[in-house]
Each structure stands twice: as structure tokens, then as C-alpha cells.
Amino acid sequence: MHSTESSIRGFQINTTNTLPISRTGNAPLSRWSGHVRGFFRIILASPSGIFGFSVISLFLLLAIFAPLIAPYGPFDVVYAGPHAVIRLSPPTWRNLFGTTNEGMDVFSQVIWGTRVAILVGLLSSLGSVLVGTAIGLIAGYLGGPVDRVLMRLTDIAFAMPFLPFAMVVISVVKPSLGLVILLVVAFLWRTTARVVRAQTLSLKTRVYVRAARMSGASHGQIILRHILPSILPISFLYMAVGVQSGVMLESALSFLGFGSPDVQSWGAMLNAAFRVGALRVAWWWGLPPSIALSLFVVAVFMLTRAYETHLDPRLRVE
Amino acid sequence: MKRLAKRLLSFITVVWAVLTIFFIMFKLLPGDPTAVFLDSNLSPELIARQKALWGLSDPMWLQYVRYIKNMATFHFGVSFFQQQPVSEILWERVKNTCLMIFPALLISIVGGTLIGAIAGWRRGGRFERITVGLSLLLHSAPSFVVGILALMVFAYRLRWLPSGGIVSLGAPDGFWQILGSGDYVRHAILPVMVLVSREITGPILLLRSSMFDIKSSDFIEILRAKGISETRVLVHATRNALLPLATYIAVMIGVAFQGQVLLEIIFAWPGIGRELVTALADLDYPIAQACLFVMALVILTMNFIVDALYGVIDPRISN
Amino acid sequence: MTSVHAGEPLLVVRDLTKVYASRRRGFSGANSDKILAIDSVSFSIWPGEVLGLVGESGCGKSTTGMALMLQEKVTSGEIIFRGIGPIKQARGKTRLAFTRAAQLVFQNPYEAFNPRHTIRESISEPIKIHFPGDPAHQEHLLLQAMERSGLHPPESYLDRFPHQLSGGQLQRIAIARAIAIEPKFLVADEPVAMLDVSVRATVLNLFRKFADDLGMAILYISHDISTMRYACSRIAVMYLGRIIEIGPTEDILKSPRHPFTKALIAAVPSMNGQGRVRGVLDGASTSARPLKGCAFQPRCPAALPKCAEQVPALREISGGCRIACHLVNVPEQGAL
């Protein structure tokens with residue numbers, strides 16, 4: 001089926017534009033480091049890539065050094081004196097982004113929320129790409145009844161509306177961050193699976209794959225040597241996209257009240273603010289998580305876009 | 001025709017599989033939904049009898065068969081909470097959701113096509129750069145954040161527009177009455193514009209990239225050689241570029257139907273998404289079940305239409 | 001190039017037949033439903049000889065080559081390889097043993113290599129599969145294969161990528177890859193069809209060298225009979241799935257007997273303008289076969305009434321030549 005996401009991006013995967021471009025010689029090890037270096041060269045070549053990369057790096061630093069940067073814990077209440085909780089205070093020097101209706105420091109919450117975002121982003125994207133690639137590979141390579149069954153499974157996955165389905169599941173089971181990540185993985189794998197399967201099918205019929213088979217290569221060797229290397233750029237791309245989707249989906253669920261109560265994600269912050277109607281007055285509470293979320297997601301998008309544009313120059317704006 | 005039949009068969013299979021998954025999920029939901037209505041002071045026999053009446057004590061497979069039959073015929077039962085037939089409630093909600101989605105999609109498609117076509121035609125201009133940049137930004141940004149920001153700015157701060165609901169409190173909320181009132185328009189502007197800001201980016205980017213292909217094709221050269229004005233050539237080109245858009249629209253509708261849960265919550269819009277959230281909170285299973293089913297059905301139907309359209313539009317496939 | 005066969009043949013093919021069931025309904029009868037890609041093909045190949053298989057496009061020669069490599073399923077018939085057989089399929093350990101002994105060179109050198117692998121990696125692949133764990137021996141086989149394929153110096157090729165090399169070089173590399181593990185049997189499917197004419201002789205001489213020096217049995221498939229003079233010791237002519245003439249190269253080229261063979265040779269442009277037997281073919285190349293009788297009969301300039309009735313059998317004439325044609329009077333003899 002026709003992938004609309006890739007048609008918006010206008011992206012066409014072509015194995016020739018992922019050819020090795022190493023300048024450091026053609027031996028395998030130096031070729032890989034050449035790839036990594038080439039990757040950075042690509043990313044940093046365009047303004048959107050630079051923007052995306054710096055913002056993500058900033059978030060990464062915030063997440064890693066959160067305990068050092070955030071003045072308070074995510075659920076700590078701020079006191080002016082004994083029994084004097086500072087509620088709904090606009091930004092002050094003490095609380096840079098003000099406080100919530102329960103007296104928690106918004107600035108700290110945003111910083112701690114970075115950890116949730118990075119964690120959810122990484123885990124859900126990694127999981128969904130692993131599952132999606134595996135299923136796509138197996139379906140594409142084996143073909144026949146296995147392919148049909150797996151594709152039927154993928155069709156069912158494509159039928160599922162994420163938010164409603166996730167909400168119901170979370171109602172059944174206790175809400176937790178792990179469950180959210182699991183649900184995101186269960187939702188995202190389907191896109192990768194379809195694309196990987198299509199690519200595997202096309203590669204399977206190549207002459208050099210038949211030649212390898214006739215050289216005596218086993219199926220495993222063929223997959224490892226000939227098919228996987230062409231699929232990895234695709235998987236990598238979808239992993240980056242998955243970070244974006246994962247964070248957005250987690251925020252959406254948290255905003256609706258289905259997120260984990262143990263973590264203070266940006267979505268959860270917005271949920272808290274919205275529920276008590278504080279957004280009418282306390283703009284300092286609603287604005288920072290909104291901006292943080294938008295910035296994060298847009299930055300990841302810019303990064304993937306920079307990589308994509310390199311692979312398919314038609315997308316470039318002259 | 002044979003291809004269509006095969007597609008229809010797989011459509012039905014997937015619907016059935018989805019229904020089964022939902023059934024299992026709902027059976028696993030904790031809590032006894034009947035506890036809300038059955039006074040625990042009643043004798044156990046009375047409780048058991050009432051449960052039997054509701055069909056809750058029948059063997060699982062019987063419940064399953066009945067469930068499938070009901071769902072397939074859109075007999076959704078009666079809401080636990082609101083004591084009304086679910087299908088009536090749902091129908092109202094679906095109409096409300098449509099009142100938000102369809103204006104937004106209309107504006108997005110028409111506007112997006114125009115903007116995208118011009119951007120793709122005038123490649124390299126400032127117009128294209130700004131358009132594409134903005135589109136990418138809005139396409140990737142989470143729409144509910146935009147919604148919250150819009151709410152805060154326009155409704156709370158500036159007080160230009162109402163902050164929620166489909167009509168003001170106390171106003172008549174029959175479907176045609178809503179449609180005709182200016183009140184509805186006032187309430188709808190914010191959610192619709194937020195939705196547009198995201199949905200319009202799809203057609204823009206799509207039209208732009210398909211314009212690239214068309215612009216360099218031979219028949220455009222021929223049109224120009226004929227001496228037709230540039231604008232007319234643009235119109236010709238746009239018509240051809242619409243092809244991929246046709247299938248994208250079907251997908252848009254499917255996605256919009258279930259993605260608007262967030263916007264409906266933010267703007268207190270009484271649509272099907274919001275209904276699901278409240279139903280889950282109230283443990284009102286008939287409504288929750290029905291909402292979920294309708295949403296999945298819309299997506300599946302749209303996917304099916306896409307497949308069917310593809311065969312019609314591109315004759316190469318139907319052979 | 002000797003036409004005397006010593007010892008046992010490496011490969012024996014008997015009555016090989018492959019039938020495709022056509023999806024379309026035929027006009028009449030059952031025959032039009034089936035396509036006989038290979039029709040009762042029988043021949044043997046001895047070690048140290050190059051057998052050329054020639055015919056028009058679609059005559060089934062490539063299919064035959066693939067069938068010998070066990071890449072195509074055959075409907076009936078036997079393939080006996082190195083005295084073992086009949087072989088149907090190779091799985092598991094037998095697959096490893098078979099691929100060690102039988103290799104294939106493809107027609108298109110540009111597509112025969114993974115564009116992301118260096119030449120070294122591509123050639124080493126079969127070596128590493130069949131000789132794991134012995135890097136010294138692997139290196140030796142690699143360099144030996146390069147040497148034998150005329151790729152001097154090896155270093156200038158090994159670290160390059162396929163897109164950096166020409167067709168002729170790539171095909172020689174493909175041959176190097178095929179012979180690196182020293183197989184006993186090689187099938188070359190139109191190996192020079194996509195190469196410049198100037199390069200063809202170099203490649204063809206390689207086959208001859210392999211047969212003479214290394215004792216390989218080689219099946220050389222081509223639609224161009226003029227290329228066979230260089231390398232082949234015997235030639236088999238195929239038409240619509242049947243072998244219609246087979247014999248030593250000199251005999252076939254100098255004195256062809258079957259009308260189709262005559263036409264093939266006559267069609268070769270001659271540089272010295274010597275007088276040749278001219279045969280005119282009626283009609284265009286076609287894959288439609290008549291229901292009865294000789295498959296070539298519709299286009300044969302010298303067809304007898306008998307040709308439309310009875311399929312001619314492949315019979316021995318003399319000196320290792322066999323021919324399937326009613327025009328050639330032969331006494332009844334048992335087939336070879």
C-alpha cells in the first residue's frame with residue numbers, strides 16, 4: 001500500500017544513493033568510521049541540520065545533567081516558610097518559570113521532563129525499528145504463507161487508531177511508562193515493517209543475490225551480507241522518525257490523563273495545568289512544556305530532514 | 001473487479017479481527033460495570049437475574065457471537081451512564097466531530113492544493129522557501145500543543161473567541177440549528193484553524209513534490225508551445241498533480257477522525273473522541289466499545305477506498 | 001581441442017524436459033496450453049572440454065543451463081553429476097558440495113556484484129564459504145583466481161567497487177569468482193553478449209584455458225555461433241527446446257547438416273567474403289511450435305512432407321556427430 005508519509009516527504013529510497021562515500025579507504029573498518037563521519041558531514045551541512053543537531057544535543061545535556069541543573073525535584077513542593085507553599089506564582093528569580101497550583105517548580109519539572117522525553121524517544125524508536133525490521137525482513141525474504149500471515153498482521157496494525165486503542169489498554173492495565181513505551185512500539189513498527197519488506201522483496205531478486213546463493217551462501221549469510229546493509233539506512237531513518245512519534249504519542253497520552261503518574265513528562269504537566277483550569281491565568285505553567293515539546297519534536301524532524309534531503313536531492317529548496 | 005472483491009474480503013477479515021481484539025480487551029477490563037447500577041444491597045439472586053438479562057452471565061463464546069452480530073449491525077446497546085441507546089448518542093457525537101473536521105479538511109485541501117501547486121511551480125522563489133519551511137515546521141509540531149497555545153492566546157488572553165464547546169451554553173444544539181448559527185462559527189474558528197494549520201501542510205508538500213515531476217514532463221512543453229498562457233498551463237498541471245492527493249485525502253479523513261481526541265478535549269468539543277475519554281473514565285463500556293469500533297471502522301473504510309481508488313485511477317494496477 | 005573423449009563424462013543429461021503450463025487457453029487441443037521449454041534434451045560433457053550451446057532467443061538454452069545448476073525445476077529427465085544421480089535438488093550439505101563443484105557465470109556483469117562490496121569481498125565470498133577458517137589458503141585462492149583470469153596486477157582491482165570498473169573487467173572478475181574455488185563444472189550463460197567485441201576474444205580464451213589447463217568441463221551458452229570457434233570443442237544446436245545437431249566444432253562449422261544450423265552459420269557476417277552455403281529462413285523467429293512433426297518444419301526451406309508428420313530423432317551419423325533431421329539419411333542406430 002502506498003505510503004503517504006513518504007510521499008509527503010517525497011522520499012524515494014534508492015540503494016545507489018546510499019553507496020559508500022568513504023574517503024578513508026575501502027577496508028571495512030575504516031569504511032564504517034567513514035560512514036559515521038560522512039553522516040555528521042551531511043547533518044551539519046544544512047542550517048536545518050545544524051539547528052536540529054544543536055537543539056537535540058542541548059536536550060541531551062539537560063537530561064544527563066538534570067540533577068545538577070534542576071533546583072528542585074519533579075514533585076518537590078516549594079516553601080516560602082513553614083506551611084507556606086508558594087502556589088501559582090509567576091516567574092521569579094527563585095522559580096524561573098513560576099510554580100504550579102500545588103507549589104511545584106515549573107522550571108525543574110521541564111528539566112526533569114527532558115529525561116522522560118529522551119528515554120521514551122530512544123526506547124520506543126529502537127523497539128519499533130527492531131520489531132519492524134525483523135518482521136519486514138522475514139516476511140519479504142521468506143515469502144509465501146509466512147509473508148501473507150505477517151502482512152495480514154500488519155494490516156490489522158494499520159487499522160488501529162493509536163490514541164483510542166492505547167487509552168483502552170491503559171484502562172485495562174495499570175498506567176506506567178513501560179506500558180506507554182510498549183504501546184508506542186506496537187503502533188510504530190508497522191510502517192517500518194512495510195517499507196523493509198518492500199525493500200527486501202526488491203533486493204531478493206537481484207542478480208548478485210542469486211549469485212551469492214549459487215556460490216553456496218546460506219539464507220542467513222545472504223541476509224546478513226547482502227540485504228541488511230541496504231536496509232540499515234532505512235531503519236535508521238525510521239528510528240529517527242520514531243523518536244519524534246514516540247515523544248508526541250507519549251505526550252498525547254499523558255495529556256489525556258493516561259500517562260504514568262510517576263513521571264513528570266511535559267504532557268503530564270500540560271494535563272495538570274489544563275485540568276485545574278490554570279491555563280487561563282498561569283501562562284508560565286503552560287508555555288514552557290509546550291515550547292519544550294515543540295522544540296524537541298521539530299528539532300528531531302529537522303535532523304531527519306537533513307539526512308533525507310541528502311539522500312534524495314529533489315527535496316531540496318534551491 | 002476480481003481485485004476489488006479480494007480487497008473487500010480482506011477488509012472484512014481485518015474488521016473481524018479488530019473486533020475480536022477489542023472484545024478480548026474489553027473483557028479484560030477491571031471492575032464490574034454493573035456495580036454502578038446494581039445496588040449491592042439487592043439479593044444475589046436479583047443481581048444474578050439482572051446480569052443474565054444483560055447477557056453477562058452467558059458463556060463467553062455466546063457473548064462473543066452476540067457481540068459480533070451486534071457490532072456488525074451497529075446495535076450498540078444502551079449506555080450504562082446516560083440511559084440512552086448508544087447509537088443515538090454516538091450519532092450525535094459523530095456529527096459534531098464532522099462539524100469540526102470537514103470544514104478543516106475542506107480548507108486544508110483546497111488551500112493546500114493552491115499553495116502547494118504555486119510553490120512547486122515557482123520553484124526556487126522566496127514563496128517556496130517560506131512555504132516549505134513553515135509547512136515542515138507545522139507538519140512536525142504536535143498539534144495539540146498548537147491547540148493549547150492558540151487557546152491561551154486567543155481565548156484566554158485576548159478573549160476574541162470562546163474557549164470551548166460547540167455553541168454557547170443554553171443555545172439550541174440540534175444539528176441544523178448549529179449549522180445555521182453564527183454562534184457555531186465563532187466556536188468553531190479556533191479548533192478548525194488549529195486543525196487546518198496542521199492538515200494543510202500535507203497537501204502543500206504533496207502538491208509541491210508532484211509538481212516537480214509534472215513540470216518537467218513533455219506535455220507541459222507542448223502546452224507552452226501551443227501558446228497557452230502561463231496561468232492556464234498551471235491549471236492543467238495542477239489537475240494532473242491531483243492524482244496522489246486523491247488517495248491522500250482518504251487517509252487524511254481516517255487519521256483525522258481518531259486524532260482529534262486531543263483537540264476535542266482542549267476545546268471541549270462534544271465529538272466522538274471526547275466521548276471516548278469520558279466513557280473510559282466513567283467505565284461506560286457500551287459507549288467506549290462503540291466509539292473505538294467506529295473509529296477503527298472509519299480508518300479501515302478509508303484505507304479500503306484508497307485501495308479501490310488506486311485501481312480506478314491507475315489502470316496499470318487493475319490489470 | 002580434442003573430440004576424442006577419454007574416461008567418464010562429468011555430466012550426463014538424459015531426456016531433460018521442462019513444461020510450462022500456460023495460463024492462457026489455447027485455441028485447440030492440449031498442446032497449446034503447454035510450453036515445452038526443454039524437450040527431451042540429452043547430452044554429456046567430459047572434463048576438459050567446452051561444449052557450446054547455441055540457438056535463437058527463447059529456444060531454451062538459458063533454461064537448460066539453469067536446470068543444470070539446479071536453479072530451475074525440471075518436469076522429467078535425469079541429471080547425473082560426477083556419477084552421482086539423478087540429482088533433483090541440492091539442500092544442506094549436498095548444496096555445499098554441489099556449489100563447490102558447479103558454478104555459473106551470468107550474462108550481465110554489471111548486476112552480478114553487490115555495489116557496496118569491494119571486488120575483494122565479492123570474490124572472497126565463495127572462498128570463505130567453502131574454505132572457512134584458513135585465511136592463508138583463502139588469500140592464495142583469491143590471488144590464484146585473479147591470476148588465472150588475467151587480472152594483473154590484482155591490487156589494482158581488489159579494493160575497487162564495481163561501479164568503478166568496465167564491463168570487460170567485471171566479467172573477468174565474475175569468472176574469477178566462479179573459478180576461485182576450483183569447480184569441476186562451469187556454466188557460462190551468454191558471458192560475452194554485453195561486452196565490447198574487442199574484449200570478447202580475451203574472455204573466451206579464458207574458457208579454453210580453463211578447460212585445457214585445469215580440466216574443467218564448461219557449458220558455454222550463446223546465441224552467437226561465431227564466438228564458438230575460439231573456445232568450444234563441441235557445439236550443440238538447439239531449436240525450440242530440442243537439440244537438433246551436435247558434434248565437434250570443426251564439423252559443425254565447416255559442414256553443417258541441419259537446415260537450421262546452415263542458416264545460423266550463413267547469417268554470420270564474413271570478413272573475408274568466402275562463399276558459404278546460403279540458407280534462407282522463412283518467417284520470423286517464433287516460439288510457436290506445430291502440433292506434430294519437426295518443430296523447425298514451418299520455417300525449413302527444404303521440408304519434406306514427412307517432416308510435418310514425424311518428429312525426427314537425434315541420431316548418430318559419424319565421428320561423434322548427431323543430428324535430428326529427416327533430410328539426412330541415416331541407418332537406424334542406437335543413440336549414443
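Helices (H or I, at least four residues) and strands (E, at least two) are DSSP runs, numbered from the N terminus. The structure is a predicted model, in which local features need pLDDT of at least 70 and side-chain atom pairs count only at pLDDT 80 or more, whereas totals for chains, interfaces and linings use all residues. Residues are numbered from 1 along each chain as its sequence is written, and chains are lettered from A and ligands numbered from 1 in the order in which they are written.

The crossing of α6(A) and α1(B) is right-handed, that is, the near helix is turned clockwise from the far one by less than a right angle. Residues are in contact if their C-beta atoms, placed from the backbone, lie within 7 Å; on this basis D155(A), I156(A) and A159(A) of α6(A) meet S10(B), V14(B), A17(B) and V18(B) of α1(B). The residues of this contact comprise 5 nonpolar, 1 polar and 1 charged, where Ala, Val, Leu, Ile, Met, Phe, Trp, Tyr, Cys and Pro count as nonpolar, Asp, Glu, Lys and Arg as charged, and the others, Gly among them, as polar.

In the interface as a whole, 51 residues of chain B are in contact with 41 residues of chain A. Elements of chain B that give two or more residues to this side include α1, α5 (126–140), α6 (143–157) and α9 (201–215), and the largest share, 10 residues, comes from α14(B). By class, the side of chain B that touches chain A has 38 nonpolar, 9 polar and 4 charged residues.

Chain B itself has 15 helices and 0 strands. Of its 319 residues, 40% are buried, a residue being buried if 20 or more other C-beta atoms lie within 10 Å of its own, exposed if 12 or fewer, and partly exposed in between. An automatic or database domain assignment gives domain 1 (2–72) and domain 2 (91–313) in chain B. The contact between them takes 14 residues from domain 1 and 12 residues from domain 2, and α1(B) supplies the largest share of the domain 1 side, 10 residues.

Chain C also touches chain A, in a contact that takes 21 residues from chain C and 15 residues from chain A. The side of chain C that touches chain A has 9 nonpolar, 6 polar and 6 charged residues.

Within chain C, 8 of the 8 residues of helix α1 (residues 61–68) are buried, so this helix is largely enclosed by the rest of the structure. Helix α1(C) is followed by L70(C), whose phi is positive, near 65 degrees. In the loop between α9 (249–254) and α10 (259–266) of chain C lies H258(C), which is buried, with 23 other C-beta atoms within 10 Å. Not counting residues up to four places away in sequence, H258(C) touches V237(C), I244(C), E245(C), I323(C) and C325(C).

Conventions:
Two residues are in contact if their C-beta atoms, placed from the backbone, lie within 7 Å.
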